[in-house]
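Let's take a friendly walk through a protein model together. Have a look at the sequence and the structure below, and keep them in view as you read.

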Amino acid sequence: MTVAEYNNGIPLWADDVMRFASRCSDSSLDAEDAVQEAFASLWQHRSDVAADKGKGYLLSAAYRHLMRCFRHRSVVARHAQFLVTEAQVRPDEHFDLKEALAASMKQLPPVQRAILHLRDVEGYSYHDIAAELQISDDQVQVYLFRARIAMRKHLSLLGYNPQS
């Protein structure tokens with residue numbers, strides 16, 4: 001990738017990478033950091049990356065950064081011994097589905113959150129998701145299935161009832 005191709009790619013890829021990172025992260029600051037780290041990494045490795053693979057490289061780099069953040073937080077949380085129990089979750093009288101979906105997404109592990117976003121929001125195929133996250137097509141299907149089940153369970157805890 002040349003410098004001109006990198007500069008031309010920034011406005012083309014930035015929104016997609018930011019949207020992906022925002023969906024995969026529970027913090028907008030982490031998402032912004034992930035996007036910046038991804039672009040910095042692409043700049044450092046621009047001679048090794050083809051111009052048509054730039055967006056995929058950015059998505060993978062942002063995902064790897066967010067995974068490092070998630071692992072760090074899980075270690076901190078484990079040591080802090082802070083647990084949210086199901087009893088602390090109370091259904092609201094005024095149920096807001098958008099907020100409930102966002103809260104449910106935050107409960108998912110990062111890999112499931114990323115796959116759910118890429119498949120259901122961005123519309124990627126299983127094969128494309130597997131290529132982006134460097135896992136098999138079967139793993140994508142399993143993670144997506146588990147993510148959807150976890151979302152249903154969490155939404156029901158929050159008081160969402162699709163039949164009503």
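## A word to know first

A residue counts as buried when its relative accessible area is under 20%. Phenylalanine 39 has a relative accessible area of 11%, so it is buried. Keep in mind throughout that this model is predicted.

## The overall picture

What is the chain built from? The protein chain has 7 helices and 0 strands. If you follow it along the sequence, the pattern reads α-α-α-α-α-α-α.

The protein chain has 164 residues, and 35% of them are buried. Its accessible surface comes to about 10400 Å², with 52% of that belonging to carbon and sulfur atoms. Now think about which parts of the chain touch. Take the contacts between residues at least 6 apart in sequence: 70% of these join residues at least 24 apart.

## Rings that meet

The structure holds 2 aromatic pairs. In one of them, the ring centres of tyrosine 6 and phenylalanine 39 are 6.4 Å apart and the planes stand at 80°; planes over 60 degrees apart count as edge-to-face, so this pair is edge-to-face. The two partners come from distant parts of the chain, 33 residues apart: tyrosine 6 belongs to helix H1 (residues 3-24) and phenylalanine 39 to helix H2 (residues 28-44).

Is tyrosine 6 buried or exposed? With a relative accessible area of 9%, tyrosine 6 is buried, and phenylalanine 39 is buried too, at 11%. Ring pairs also bring in a further residue, linking Tyr6, Phe39 and Trp43 into a cluster.

## Charges over rings

Tryptophan 43, a member of that ring cluster, has another neighbour to look for. The charged end of arginine 46 sits over the ring of tryptophan 43, 3.8 Å from the ring centre.

Elsewhere in the chain, which residue lies over the face of tyrosine 126? It is arginine 119, at 4.3 Å from the ring centre.

Rolling a probe the size of a water molecule over the atoms shows where empty space is left. The second largest pocket holds about 380 Å³ of space. Its lining is made of 16 residues, and those nearest its centre are Arg23, Leu101, Ala102, Met105 and Met151. The elements giving two or more residues to this lining are H1, helix H4 (97-107), helix H5 (110-121) and helix H7 (137-157). H4 gives the most, with 5 residues.

How many cavities of 30 Å³ or more does a search of the whole structure find? The search finds 1. The largest cavity has about 30 Å³ of space, and the residues that line it are Asp16, Phe20, Lys55, Leu59, Leu118, Glu122 and Tyr124. H1 and helix H3 (54-80) are the elements that give two or more residues to this lining.

## A histidine to find

To finish, find histidine 117 in helix H5. Histidine 117 has a relative accessible area of 0%, so it is buried.

Which residues does histidine 117 touch, not counting those up to four places away in sequence? They are Arg19, Phe20, Arg23 and Glu122.

Conventions:
Residues numbered from 1 in each chain as written. Predicted model: local features only at pLDDT ≥ 70, side-chain atom pairs only at ≥ 80, totals over all residues. Heavy atoms only, no water. Helix = DSSP H or I, 4+ residues; strand = E, 2+ residues; numbered from the N terminus. Buried < 20%, exposed > 50% of the residue type's maximum accessible area, 1.4 Å probe, protein only. Contact = heavy atoms within 4.5 Å. Areas by Shrake-Rupley, 256 points an atom, 1.4 Å probe, with all protein chains shown as cover. Phe/Tyr/Trp six-rings, centres within 6.5 Å; stacked < 30°, edge-to-face > 60°. Lys NZ or Arg CZ within 6 Å of the ring centre and 35° of its normal. 1 Å grid on protein atoms, 1.4 Å probe; cavity = no way out; pocket = protein on both sides within 12 Å on 5 of 7 lines; lining within 4 Å. Points joined across faces, edges and corners; volume = space filled by probe spheres on them.
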